[in-house]
Amino acid sequence: MNALRSRLSAVVADWRVQMALVLALLLAAPLLSPGTLQIASFVLVAAIFAQSINLLTGLAGQISLGHAGFFGIGAYCTGILVKTYGLDVTLGVPAAVLLAGLTGWLLSFPANRVRDVYLAMMTLGFGMVFFEVVREWNELTGGTMGLPGVPSAALRTLTILGVKVDGLRYFQLVLLVTVGVILLVRNLTQSRIGRAFYAIQVSEVAAGSIGIPAGRTKQLAYALSGALAGLAGALYAHLVGYLGPESFALPRSIEVLVIAIVGGLGSIAGQVLSAVLFTFLPERLQVFAEWQFIAYGLILTFSLLVLPRGIGGLLFEPPRFIKPRALTRAARLRADATALRPDGGGTALEAKGITMRFGGLVAVDDVSLRLEPGRITALIGPNGSGKSTFVNVVTGIYRPAAGQVRFGGRDITGLPDHQMATAGVVRTFQDPRLVLHFTVRENLLLGAHRQLRHSGLAATLALPGAIAKEAAQLALVEAVLALSDLTEVADRPIDTLPYGTRRMAEVGRALLARPRVILLDEPAAGLSETEMDRLAQLIRDMRAMGIAILLIDHHMDFLAGLVDEVVVLDSGRMIYHGDIAGMRGDAQVIAAYLGDEATHA
Amino acid sequence: MDDFFFSLLLAGISVGAVYALIALGLNLTFWTTKTLNFGQGSLMMLCAMLTVIIFSQGLAITLAVVGSLVVVAALGMFIERWTVRPALKSSGGSMGWVVSTLGFGIFLQGMAAKYFGSQAVAFPDVVFTAQDFVTVFGQYISLQYLVVLAVAVALILAFELFIRRTVWGQAVHAVSLDPELALVQGIPVRRLILGSFMLSSVLAGVAGVLIAQIGGTVDPAFGFDLVLLGFVAAVLGGMGSSLGALAGGLLVGVISKLVGGYVSTAAEHGIAFALLMLALAVRPQGLFGRPEVSKA
Amino acid sequence: MKINRRSLALGAAALTLPGLVRAQSGTIKFGFTAALTGPFNEFGEGINRGAQIAVEECNKAGGINGRMVELAEVLDDQLVPDRAVQNLRRILDNREIVGLMCPSGSGPTLAIADMIQADGRPIINPQAQTPTIVYPNGPDKPPRPNLFSISIGNLVESEKLAAALSEFTRIGILHESTGYGVTGADLVRREIMRRKPAARVTAESYNQRAQDMTAQLVRVQRANAEAMLVIGLGADFAVIRRNMSRLNINLALFGAAGAVTVPYIEGAGDLVAGTRAVNHAAFGRRPMHGAAQKFVDLYRAKFGTDRWYGPDAANPLISLAGTVGSGYDCINLLIDAIRRANSTSAADLVRALDQTTDYEGATVSRISFTPQNHVALKLEDLGTYEMLKRGDRVVLELRN
């Protein structure tokens with residue numbers, strides 16, 4: 001099965017096969033009956049529509065139960081512009097795409113305030129409100145009577161730039177648009193944008209820690225997804241020629257969700273196959289119409305159980321998130337990890353009087369410390385002493401009740417986490433928060449996200465400049481892989497690797513985020529002796545680069561040879577600050593660590 | 001003028017009670033698993049449909065209702081075991097169970113259409129008839145609606161008491177806060193979850209029967225729209241809050257009726273969903289809910 | 001995996017099927033798409049049965065000049081406009097199809113109307129009521145050349161309803177928020193105002209399947225309406241009737257086609273007594289005219305006293321005319337046109353249909369078309385029924 005899968009994936013990914021398929025379809029089209037051509041055009045519209053769900057749900061992880069709304073906005077926009085106002089299709093369709101994209105962008109603001117089930121509800125509400133508006137806005141949309149006579153292939157009334165377009169030409173046109181959409185979505189997936197989408201799906205906190213802003217990323221996802229759905233709707237309008245509100249109600253939202261899920265979220269080829277399956281077969285298999293609801297229901301109920309990654313996951317290998325072209329190019333480059341040295345020397349981070357409360361509980365109580373460039377500070381203390389909370393405050397996840405975080409002479413208290421990371425304050429987590437389906441290399445490249453500053457358009461079109469920038473960062477990734485002894489497993493997905501390897505990968509990813517200050521939350525937990533040595537070496541390398549390092553850990557042996565100074569917390573208060581030798585003799589520290597056991601004994 | 005207002009208000013309260021009852025059923029599973037059954041409408045439909053069918057075989061109406069409720073309760077267990085549990089186990093956030101419960105609802109709807117026909121069938125009067133009403137201050141108040149209101153209020157009080165006063169209520173509370181911790185503490189988490197789905201389905205069934213007798217007919221698509229409004233009620237009141245369900249239901253009911261009466265009947269349906277989006281954007285935790293503490 | 005392979009195999013089998021059907025040529029072929037399954041199949045399956053009866057009857061009598069007729073393409077759209085468009089394309093691709101019947105509802109029919117007009121083959125509309133289906137540019141402009149209608153169009157229905165309602169001065173209309181409901185309400189209102197300028201009409205809309213209509217009803221009540229008309233499905237009408245009872249609203253109640261259907265009669269129970277409804281008059285007259293009686297007998301012989309026919313063998317449901325009879329008439333009209341034209345070419349058939357004069361249909365007793373008039377149903381083909389309670393049964397009596 002796996003061999004078959006990789007062979008199929010290779011075939012599908014081969015551009016010659018792709019070209020041949022498209023050419024064959026273009027050339028064979030004149031041989032097909034108008035009915036087959038029309039249904040084939042419906043398949044293509046469904047495929048584009050499914051890609052819009054794929055982008056929003058499959059990549060960015062945002063569920064939508066109201067996508068028919070975007071589809072309808074696209075359809076009505078071009079329908080009204082072309083039919084009522086006599087605009088050319090070449091203006092109507094782009095206007096539809098823009099309007100739907102804009103709607104998506106606007107919806108992202110309320111949508112970003114909620115998640116999970118609430119998001120499902122909100123998008124459901126969006127779809128319902130759209131449906132009601134279309135139905136009642138008689139003057140514009142024709143209300144319940146619909147909008148008949150939209151110039152379309154079905155009515156043989158479609159002209160584009162003065163050229164008459166029949167069913168055959170329209171199919172060929174839609175085919176080319178679909179191919180374009182698929183290529184762009186693939187480019188997008190294999191760019192910084194696609195990786196960022198996937199990263200916020202997996203963990204918004206982890207994404208924020210390396211400088212990916214969850215809010216803005218989701219806004220982009222909504223806008224792009226809305227635009228794609230709008231495109232599908234616009235093409236639909238000029239395919240059927242009649243728009244009625246019933247075509248844009250909840251069942252269409254559910255249908256596209258079914259297509260996307262069965263196709264396999266994340267898999268582009270799977271979406272296309274699924275669109276064929278769900279659009280072509282029902283029309284051909286008329287006899288089974290009465291089973292349609294039952295079949296849909298069963299598919300939705302059990303598809304995630306039986307085929308968790310859909311047809312795409314069954315037939316093809318999981319999608320990859322780096323463009324092969326960038327990889328080939330990176331292989332020719334050499335980079336040195338010392339290039340990750342902070343520009344203009346290091347910067348000190350100073351936390352002053354940090355206090356954090358949860359309800360009545362004081363988790364961190366008036367803690368002050370200073371992290372100097374090229375120094376390793378250990379933060380230790382019993383469980384629940386407030387170490388992680390302190391890191392969360394410094395990195396912008398919590399806003400402190402009192403106190404100040406200053407960095408390079410600037411007050412950065414309470415900045416959102418991704419801005420902290422952008423400023424150079426980067427952290428790792430107690431439990432490694434990597435993207436499990438990404439390979440080690442992809443995870444590390446994710447760390448370099450904010451170094452990739454080329455425009456989204458360049459990324460989507462895979463322009464040479466964008467590829468060159470990706471390649472340059474990939475060369476750095478290669479250097480860090482070597483430094484952290486991960487070269488051998490670089491192309492293995494993280495979820496197939498042992499815990500210790502994941503830890504190293506997370507530290508490597510943080511390093512690629514160009515930290516000036518790095519806060520490592522128990523990086524050595526669960527590591528073997530050898531792995532610990534490797535980690536210690538990596539931390540020393542970082543110190544040598546002039547990075548300020550905060551290290552939370554319990555292993556005294558691990559810390560002993562490594563750290564420059566130690567801070568001990570107990571019940572949120574700082575009880576010791578000094579060198580490690582002094583700590584061993586400190587009465588308060590001993591009491592904190594042994595006290596509990598002593599009193600309980 | 002006053003009569004007009006009071007009629008609308010009463011109707012709003014009446015349908016609001018219906019929404020509250022549905023929201024209450026949705027809340028139950030939210031307590032234990034933070035999930036909602038998106039196919040709840042089909043359970044309402046199925047219970048009402050089965051009642052009609054059993055009743056038409058000549059059995060007493062009470063027996064028909066009880067028999068249907070038993071079937072629906074069993075389905076509730078099935079839903080937990082085969083749609084929600086696997087979805088929760090696999091990673092993928094809420095996506096999994098939203099889709100699988102929705103799918104099971106569509107499946108039930110398809111089965112009902114296939115085997116019971118897709119036409120609306122007449123539903124027998126269970127408790128009162130449409131002609132039964134009492135007069136309060138010159139206003140006619142339908143007894144059928146009063147029953148729904150009474151059932152909703154009684155259940156909400158019962159749930160509040162259950163959660164606050166009983167050991168099992170404490171257990172449910174513990175499960176809702178942290179299921180793993182609850183399991184460690186020896187609480188039979190599995191049984192509680194299963195029970196919550198059974199009870200939630202039974203509530204859906206009760207709501208289905210009570211509403212079907214008001215409208216007088218039931219068809220396979222029955223319940224779907226109502227559950228959407230139940231969602232609105234639950235969200236508005238704050239997911240998981242019983243009092244919130246009541247307040248949310250009444251609010252949706254009264255506002256949509258007043259908008260229908262004073263502005264336009266065409267806007268009556270859309271306003272509920274506009275309200276939903278607004279509420280989610282402004283106060284996602286609802287009127288009576290507490291904001292979720294995001295754990296880093 | 002196994003499932004996929006099997007369904008793909010089934011798909012392949014289905015793809016080759018049309019070829020098999022085409023092999024037995026020589027028959028005269030008709031086609032249509034309708035809601036054969038799904039929530040609205042009462043109508044779609046109805047016209048399908050009507051069409052089957054007409055075809056069997058014709059073939060039993062030797063066909064058309066010895067050629068058998070056949071329903072070669074019968075496709076299911078579940079009243080979804082998209083599916084109707086796809087199905088119609090497939091039907092039109094079959095060049096052997098010589099005549100068609102419109103889908104069972106306004107939504108899909110509106111969606112395919114422009115398409116069939118572009119194709120040119122004759123199509124007859126059994127059920128969809130919206131006037132723009134026949135007259136896209138308004139009722140005083142020419143109809144679509146190849147589209148004919150025998151349905152109870154909104155125009156005629158509203159005239160009949162307005163005639164009955166004009167005895168009142170203050171009138172409320174409750175209509176479903178669909179194309180059918182909105183147009184119907186608008187036309188009835190205009191017709192009442194034309195007949196009786198002093199009348200006051202309030203129209204309120206509701207969504208299909210709404211479970212409470214209080215807001216609509218109290219608005220009608222506030223307008224002091226003496227009579228109320230409901231335009232919508234039977235099940236919704238039942239909800240409205242019960243809601244009226246709960247609000248203790250008593251006024252003269254009128255209904256359009258939905259009122260004569262089973263869901264209203266059963267759903268509202270005893271409360272239906274007194275409701276007046278407008279529908280085909282043919283099945284309410286005693287004796288029925290010849291074609292109506294013949295159709296009723298054919299239906300009973302083939303399908304028995306089922307839910308379309310009703311339990312009473314002597315008195316079929318009034319709704320049988322609209323649900324099944326109209327499909328029967330559509331196919332018969334096509335057969336008649338082929339006989340007269342002695343041709344199956346689209347142009348000849350359209351010309352023959354345009355010359356149809358006083359053809360005796362089951363639902364419309366005298367069907368005539370001209371190039372300017374493509375609507376067969378006239379005011380006298382409709383009757384106003386009053387619902388009465390006779391013992392345990394509800395009886396519909398034709399008033400005028």
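Which side chains meet in a salt bridge, N to O, with D82(C) as one of the pair? The side chains are those of R252(A) and D82(C), at 2.3 Å from N to O. A salt bridge here is a side-chain nitrogen of Lys or Arg within 4 Å of a carboxyl oxygen of Asp or Glu. Across the interface of chain C and chain A, the rule finds one salt bridge.

This is a predicted model, in which local features need pLDDT of at least 70 and side-chain atom pairs count only at pLDDT 80 or more, while totals for chains, interfaces and linings use all residues. Residues are numbered from 1 along each chain as its sequence is written, chains are lettered from A and ligands numbered from 1 in the order in which they are written, and side-chain values use heavy atoms, with hydrogens and water left out.

The interface of chain C and chain A takes 33 residues from chain C and 33 residues from chain A, where contact means heavy atoms within 4.5 Å. About 3,000 Å² is buried between these two chains, and carbon and sulfur atoms give 56% of that area. Buried area is the accessible area (1.4 Å probe) that two parts lose on being put together, summed over both. Eight residue pairs are in polar contact across the interface of chain C and chain A, both residues at pLDDT 80 or more. A polar contact is a pair of N or O atoms within 3.5 Å; within protein, one must be able to donate a hydrogen and the other to accept it, and residues adjacent in sequence count only if both atoms are side-chain atoms.

On the side of chain C that touches chain A, the elements giving two or more residues are α1 (2-23), β2 (69-76), α3 (81-93), α4 (106-119) and α6 (179-195) of chain C. Helices (H or I, at least four residues) and strands (E, at least two) are DSSP runs, numbered from the N terminus. The largest share of this side, nine residues, comes from α3(C). By class, this side of chain C has twelve nonpolar, 14 polar and seven charged residues. Ala, Val, Leu, Ile, Met, Phe, Trp, Tyr, Cys and Pro count as nonpolar, Asp, Glu, Lys and Arg as charged, and the others, Gly among them, as polar.

Chain A also meets chain B. Here 42 residues of chain B are in contact with 41 residues of chain A. The area buried between chain B and chain A is about 3,700 Å², with 81% given by carbon and sulfur atoms. The elements of chain B that give two or more residues to the side touching chain A are α3 (61-89), α4 (95-116), α9 (224-237) and α11 (268-282). Of these, α4(B) gives the largest share, 16 residues. This side of chain B has 31 nonpolar, nine polar and two charged residues.

Within chain C, β2(C) pairs with strand β1 (residues 28-34) in the parallel sense over seven bridges; strands pair if DSSP finds at least two bridges between them. D76(C) in β2(C) is the bridge partner of A34(C). Seven of the eight residues of β2(C) are buried, where buried means under 20% relative accessible area, exposed over 50% and partly exposed in between (1.4 Å probe, protein chains only). In the loop between β2 and α3 of chain C lies Q78(C), which has a positive phi of about 50 degrees although it is not a glycine. Q78(C) is buried, with a relative accessible area of 15%.

Another strand pair of chain C is antiparallel: six bridges join β11 (residues 382-390) to β12 (residues 393-398). The hairpin of β11(C) and β12(C) has two residues between the strands, and G391(C) takes a positive phi near 60 degrees there.

In chain A, S484(A) is found in the loop between α21 (464-483) and α22 (499-512). S484(A) is buried, with a relative accessible area of 1%. A polar atom of its side chain lies 2.5 Å from the backbone oxygen of V480(A). Leaving aside neighbours within four places in sequence, S484(A) is in contact with M504(A), R534(A) and L538(A). D485(A) lies in the loop between α21 and α22 of chain A, and its phi is near 60 degrees, a positive value in a residue other than glycine.
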